[in-house]
There are 2 protein chains.
Amino acid sequence: MAERAALEELVRLQGERVRGLKQQKASAEQIEEEVAKLLKLKAQLGPDEGKQKFVLKTPKGTRDYSPRQMAVREKVFDVIISCFKRHGAEVIDTPVFELKETLTGKYGEDSKLIYDLKDQGGELLSLRYDLTVPFARYLAMNKLTNIKRYHIAKVYRRDNPAMTRGRYREFYQCDFDIAGQFDPMIPDAECLEIMCEILRSLQIGDFLVKVNDRRILDGMFAICGVPDSKFRTICSSVDKLDKVSWEEVKNEMVGEKGLAPEVADHIGDYVQQHGGISLVEQLLQDPELSQNKQALEGLGDLKLLFEYLTLFGIADKISFDLSLARGLDYYTGVIYEAVLLQTPVQAGEEPLGVGSVAAGGRYDGLVGMFDPKGRKVPCVGLSIGVERIFSIVEQRLEAELLYKKNPKLLNQLQYCEEAGIPLVAIIGEQELKDGVIKLRSVASREEVDVPREDLVEEIKRRTSQPFCIC
Amino acid sequence: MAERAALEELVRLQGERVRGLKQQKASAEQIEEEVAKLLKLKAQLGPDEGKQKFVLKTPKGTRDYSPRQMAVREKVFDVIISCFKRHGAEVIDTPVFELKETLTGKYGEDSKLIYDLKDQGGELLSLRYDLTVPFARYLAMNKLTNIKRYHIAKVYRRDNPAMTRGRYREFYQCDFDIAGQFDPMIPDAECLEIMCEILRSLQIGDFLVKVNDRRILDGMFAICGVPDSKFRTICSSVDKLDKVSWEEVKNEMVGEKGLAPEVADHIGDYVQQHGGISLVEQLLQDPELSQNKQALEGLGDLKLLFEYLTLFGIADKISFDLSLARGLDYYTGVIYEAVLLQTPVQAGEEPLGVGSVAAGGRYDGLVGMFDPKGRKVPCVGLSIGVERIFSIVEQRLEAELLYKKNPKLLNQLQYCEEAGIPLVAIIGEQELKDGVIKLRSVASREEVDVPREDLVEEIKRRTSQPFCIC
């Protein structure tokens with residue numbers, strides 16, 4: 001029975017591997033090879049006899065946190081919370097589920113990913129999909145028109161998990177939002193400043209924050225000739241430009257969504273541009289775009305935003321990117337998304353890849369959707385996606401001792417292999433006498449003696465090899 | 001429309017009030033009176049016209065935490081976590097939902113209260129009902145046989161909420177458990193010590209920990225002549241003795257559960273006893289009970305437990321109570337439950353009432369239910385029920401200032417009435433000159449001058465009036 005369980009686990013892992021390769025668009029041969037392995041394992045497993053065996057696992061796309069992973073989580077949260085507090089935010093919490101109707105009509109195409117609870121009598125409930133909609137519901141319910149709050153909690157999406165890349169179905173969001181009527185772009189600039197402060201403090205590598213504005217996108221769609229009814233779905237297509245080529249996006253727009261090719265090309269001319277404040281100024285002079293009221297408002301606000309960002313000294317981290325669209329329906333103004341430019345790769349590990357680690361924007365209409373009289377409360381906020389950050393920090397925290405009274409060297413090396421530790425520092429009697437440290441690469445089993453004073457530099461050099469971006 | 005919403009809310013609150021009174025077994029007249037009010041309100045409301053209005057609320061039995069409530073929560077968690085860490089526990093976390101089959105067959109009659117997720121394709125999931133079963137699943141999955149861990153997280157029960165009394169459908173549990181094979185009763189004694197340390201530190205009033213052993217109950221049922229198949233259901237009846245009289249429990253046993261009256265009476269002779277180590281010693285001499293192997297083991301262990309508790313200096317807080325049964329199926333040995341003996345009552349507030357604030361016990365068979373080879377890992381643990389504690393601490397933390405540049409006295413008094421603050425300290429020019437402070441009772445509007453040096457004593461005296469227990 002235990003053997004069968006192991007085989008089942010192998011089949012599951014191999015299946016995950018195949019799906020992962022497909023998602024990463026690996027070469028056809030590579031996928032074929034892995035599929036063959038999967039089929040072989042399945043043949044070995046044979047048909048399931050009798051009733052289904054009990055499976056000892058957490059639900060798909062979720063994970064436990066071990067004490068070691070909890071230590072990383074608490075460390076990351078400490079950095080984030082202290083920044084949120086420094087910027088004057090209070091903390092709130094809301095239930096893990098909401099009335100189903102509270103979430104209805106807020107997430108556009110993503111609504112299909114919402115987890116519903118079974119109807120067991122009483123209210124219809126859904127697990128929260130983000131912390132923004134519950135926040136808006138909280139504001140309306142308590143008739144608050146002015147608050148800076150943070151909220152750190154798990155949210156739930158029935159998405160395709162890719163857990164090695166930090167994408168889960170249950171995952172933490174760390175949200176900071178400013179609700180209230182203030183002078184233009186000051187709260188927005190503070191949100192970007194907070195994002196940069198946190199990403200800098202976490203020391204997870206260089207990053208860039210892409211910025212755009214929903215009004216610029218809508219204005220651009222209008223002047224290009226996209227029908228009003230297709231704004232949101234074309235927005236979703238544009239948003240894929242960070243993952244696939246312009247040609248593929250164009251195919252989707254024309255083939256699937258029925259846009260005329262010349263309209264798509266017109267959009268293409270715009271959305272392939274990115275730059276700093278000078279691009280904002282250039283587009284303000286654009287003969288077409290400058291005729292559209294919405295686009296003009298968006299560009300004017302972005303110009304003001306860049307002025308504040310320059311004062312904050314973070315303008316060099318910000319890129320105005322016309323392809324940034326964000327999936328969610330509720331954004332009304334500035335939107336932004338922070339991406340890591342590179343992540344440290346460790347011997348024998350798959351790289352975590354570049355990707356979004358924080359995002360947010362302005363949503364001035366959401367609270368009004370909940371208020372019985374439709375009273376609006378302007379809001380802007382950001383969300384830190386910490387799962388990917390946990391993975392990166394976990395990989396970095398690798399200096400280890402074996403807690404054994406009488407540790408044999410061989411056992412220690414074996415432990416390093418199992419735990420994926422790349423380097424071992426060995427100090428025996430000879431090394432002490434010579435004033436050196438023996439550095440051993442676990443993967444290649446090579447050993448070199450390094451003078452004690454050069455040790456830190458040598459370890460740094462070896463653990464920061466050229467980055468491999470997938 | 002807004003008026004209708006207000007009326008609907010009134011109907012809802014009045015309905016809740018009626019249900020509450022029924023639960024509290026209030027007098028028939030009182031219930032009748034409140035039902036009449038409810039019917040009048042419903043008549044005013046009339047039939048619902050057109051489609052159902054959107055209801056702005058959190059799901060039944062759940063609540064948001066405001067920044068102020070979060071401060072209480074963090075304060076309480078700090079006390080609990082520092083005690084858990086002092087006793088050497090590591091922290092883990094698990095997903096909010098588990099595979100449905102992971103929870104199946106663990107909770108006995110309470111299983112009907114589990115929240116299931118809707119089948120949206122893929123695995124069948126349920127929200128966790130406690131933190132103990134996920135812990136056992138975690139141990140089996142990671143093949144751990146030895147760990148001290150704590151886990152603080154929300155759990156979910158489709159129970160009848162009574163939110164003014166701190167009973168919710170989404171609520172926190174703070175769990176500490178010791179897994180592993182150790183000398184008898186040492187981990188069990190540590191769990192009781194931790195319970196007492198935490199309840200003392202929280203300063204929420206005097207408490208008592210009831211202790212019993214599942215083996216004593218089972219032995220007692222056997223010698224009284226309860227058929228094996230009825231042990232668990234008779235256990236559930238016995239567990240109600242802290243809320244209803246022996247007569248009612250006996251009626252349930254005989255009328256509903258088909259026990260012979262003389263069998264019930266025999267049980268009654270035992271379960272109405274409680275005391276300290278001397279009761280343990282007395283029952284060890286009991287001619288019937290001492291003939292039962294299980295009961296004898298349980299009593300022997302309790303005797304040893306009391307010896308450790310005496311060494312820890314907490315034996316006076318512990319009461320051996322033969323009526324303590326605990327609802328859950330998985331307990332196999334010692335069980336315990338801490339109750340507050342009284343809670344501070346505040347002017348105009350309903351008392352929070354006595355009730356359980358912590359509980360736990362030994363469950364030696366649970367991990368084996370998950371292990372593919374049925375390998376057992378003995379476990380014992382405790383769970384602090386913090387919602388009731390939050391309510392008590394929130395009531396206590398009432399010293400307030402009004403954040404107004406130019407606060408009028410009348411506004412301040414009005415605020416106190418609304419917020420249920422019982423006492424106001426007023427210091428005007430005259431009071432400053434006289435070296436006194438004017439103390440005003442918000443409810444009665446009486447005012448007295450109190451010498452400054454007596455102020456603290458006088459406030460303490462007034463806020464700790466004789467307790468009214470409901």
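**Entry 1: the interface**

I began with the contact between the two chains (contact means heavy atoms within 4.5 Å), to which chain B gives 51 residues and chain A gives 51 residues. The model is a predicted one, in which local features need pLDDT of at least 70 and side-chain atom pairs count only at pLDDT 80 or more, while totals for chains, interfaces and linings use all residues. Residues are numbered from 1 along each chain as its sequence is written, chains are lettered from A and ligands numbered from 1 in the order in which they are written, and side-chain values use heavy atoms, with hydrogens and water left out.

I then looked up the buried area, that is, the accessible area (1.4 Å probe) that two parts lose on being put together, summed over both. For chain B and chain A the value is about 4600 Å², and carbon and sulfur atoms give 59% of that area. On the chain B side, Leu56(B), Asp93(B) and Gln120(B) lose the most area to chain A, together 14% of what that side buries.

**Entry 2: polar and charged links across the interface**

I searched for salt bridges (a side-chain nitrogen of Lys or Arg within 4 Å of a carboxyl oxygen of Asp or Glu) and noted 10 across the interface of chain B and chain A. In one of them, Asp93(A) is joined to Arg73(B), with the closest N and O atoms 2.8 Å apart. I also noted that the residues of the side of chain B that touches chain A comprise 26 nonpolar, 7 polar and 18 charged. In this division Ala, Val, Leu, Ile, Met, Phe, Trp, Tyr, Cys and Pro count as nonpolar, Asp, Glu, Lys and Arg as charged, and the others, Gly among them, as polar.

**Entry 3: Leu56(A)**

I located Leu56(A) in the loop between helix 2 (28-45) and helix 3 (67-86) of chain A; helices (H or I, at least four residues) and strands (E, at least two) are DSSP runs, numbered from the N terminus. Leu56(A) counts as partly exposed because its relative accessibility is 22%, where buried means under 20% relative accessible area, exposed over 50% and partly exposed in between (1.4 Å probe, protein chains only). Leaving aside residues up to four places away in sequence, Leu56(A) touches Arg137(B), Ala140(B), Met141(B), Phe370(B) and Pro372(B).

**Entry 4: aromatic pairs**

I counted ring pairs of Phe, Tyr and Trp (its six-membered ring), which require centres within 6.5 Å; planes under 30 degrees apart count as stacked, over 60 as edge-to-face and the rest as tilted. The count over all chains is 24 aromatic pairs. Phe84(B) and Tyr150(B) make a tilted pair, 5.6 Å centre to centre with 40° between the planes. This pair links distant parts of the chain, with Phe84(B) in helix 3 and Tyr150(B) in strand 4 of chain B, 66 residues apart. Both Phe84(B) and Tyr150(B) are buried.

**Entry 5: salt bridges within chain A**

I recorded 72 salt bridges over all chains. Glu252(A) and Lys240(A) meet in one of them at 3.0 Å, N to O. Glu252(A) is buried at a relative accessible area of 12%, whereas Lys240(A) is partly exposed at 35%.

The side chains of Arg462(A) and Glu458(A) also form a salt bridge, at 2.7 Å, N to O. The two residues are separated by about one helical turn, because they stand 4 residues apart in helix 17 (residues 455-463) of chain A. Arg462(A) is partly exposed at 23%, and Glu458(A) is buried at 16%.
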